[in-house]
Amino acid sequence: MIAFLLMKLHVIVMPKRSVLDPQGVAVRNALRETGLDMVEQVRVGRFLELEFSREPDPAKLEAICRDLLSNPVIEDYVVERGG
Amino acid sequence: MKIAIIQFPGSNCDQDCLRAFCDGIKAPAAYVWHKEASLSGYDAVVLPGGFSYGDYLRCGAIARFSPIMKAVVTSAGDGMPVLGVCNGFQILCEAGLLPGALIRNRDLTFVCQPVYLRLENNGTPFTHLGRPGQILKMPVAHGEGAYFAEPDALTRLNEKGQVIFRYVDRNGTASAAANPNGSLENIAGICNQHRNVLGMMPHPDRAWDDLLGSSDGRLLFASLVETFAAR
């Protein structure tokens, strides 16, 4: 039974604070238009759900998050264990 | 001398680039599929514009891992001239051959229009036939073309003369109004420290004949060919 359980990881990629996020600004403005006038800031990132058949090598996972799933020039990421 | 035009799945300016060389300035160029592993027999490389891998994840993020990119990185390190236009520029940044990144345009719109560029530095294999301050007209066509780099990286680019093109108005002033996408300091094109890798968002491949609205893009292709003729 346990063999059928896949290991899930969530990778959340967000634009760095120092990078202008025009998409976030557009969403914030739309939220304000719809009556949520107290919204101060919105930033739009990316959420990836990864499923593994077994535990990945942490160094390899780190490298993939850094080099492929995010661009360290403009983005930060966090990895969380999925449900 | 022979120029390689790399074709990624989703490239759509590969034909424009080939025509620019073969028809525009009568120089030999050929397609190289991204699955190839070698650039042997070629003297220069062009990464054309388009939407490689559908721009999935980030523009250029997946193309950067194509087999041919290992050869491009190695050849660039050996001094081979490499030109990245539009999506090609994005790929060069993702591959770490050029500093910084191209992010979503300031106004969120896809910009497709002619722009004026000021040649800031003619000390590259692609620009040596031009003169600094020269104004060139060619089109841009992109959704993610706003150049971004951290302040220290930007300072280094300026100090080392690696900014090659800036967006300007027709009088040559790098104004906010002349900046089509929100690029920092109106940057439209940069090169690496060794000056053999050039990335730019505007399309010289769409501006090599007056029939196309401008022939100013010829400068880049002619400069490259001249580089080899002089050797």
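Mentor: We will go through chain A, then a strand of chain B, then one arginine.
Mentor: This is a predicted model, where local features need pLDDT of at least 70, side-chain atom pairs count only at pLDDT 80 or more, and totals for chains, interfaces and linings use all residues. Residues are numbered from 1 along each chain as its sequence is written, and chains are lettered from A and ligands numbered from 1 in the order in which they are written.

Trainee: How many helices and strands are in chain A?
Mentor: Chain A has two helices and three strands, in the order β-α-β-α-β from the N terminus. Helices (H or I, at least four residues) and strands (E, at least two) are DSSP runs, numbered from the N terminus.

Trainee: What is the radius of gyration of chain A?
Mentor: For chain A the value is 17 Å, whereas a compact globule of 83 residues would come near 12 Å. The radius is taken over C-alpha atoms, and the globule rule is 2.2 Å times the number of residues to the power 0.38. The C-alpha trace of chain A spans about 50 × 30 × 15 Å along its principal axes.

Trainee: How many residues of chain A are in contact with chain B?
Mentor: Eight residues of chain A are in contact with 11 residues of chain B; contact requires C-beta atoms, placed from the backbone, within 7 Å.

Trainee: New topic: why is strand S1 of chain B largely enclosed?
Mentor: Five of the five residues of S1(B), residues 3-7, are buried, so the rest of the structure largely encloses this strand. Buried means 20 or more other C-beta atoms within 10 Å of the residue's own, exposed means 12 or fewer, and partly exposed lies in between; C-beta atoms are placed from the backbone. On one side are B:Ile3, B:Ile5 and B:Gln7, and on the other B:Ala4 and B:Ile6.

Trainee: Which strands pair with it, S1(B)?
Mentor: S1(B) pairs in the parallel sense with S2(B), residues 29-33, over five bridges. Three bridges join S1(B) to S3(B), residues 44-47, also in parallel. Pairing needs at least two bridges found by DSSP. B:Ile6 has B:Val32 as its bridge partner in S2(B), and B:Ile5 has B:Val46 in S3(B).

Trainee: Last one: where is B:Arg156?
Mentor: B:Arg156 is in helix H4 of chain B, residues 151-159. B:Arg156 is partly exposed because 14 other C-beta atoms lie within 10 Å. Its C-alpha atom is separated by 23 Å from that of B:Pro202, 46 residues apart along the chain.

Terms used:
Two residues are in contact if their C-beta atoms, placed from the backbone, lie within 7 Å.
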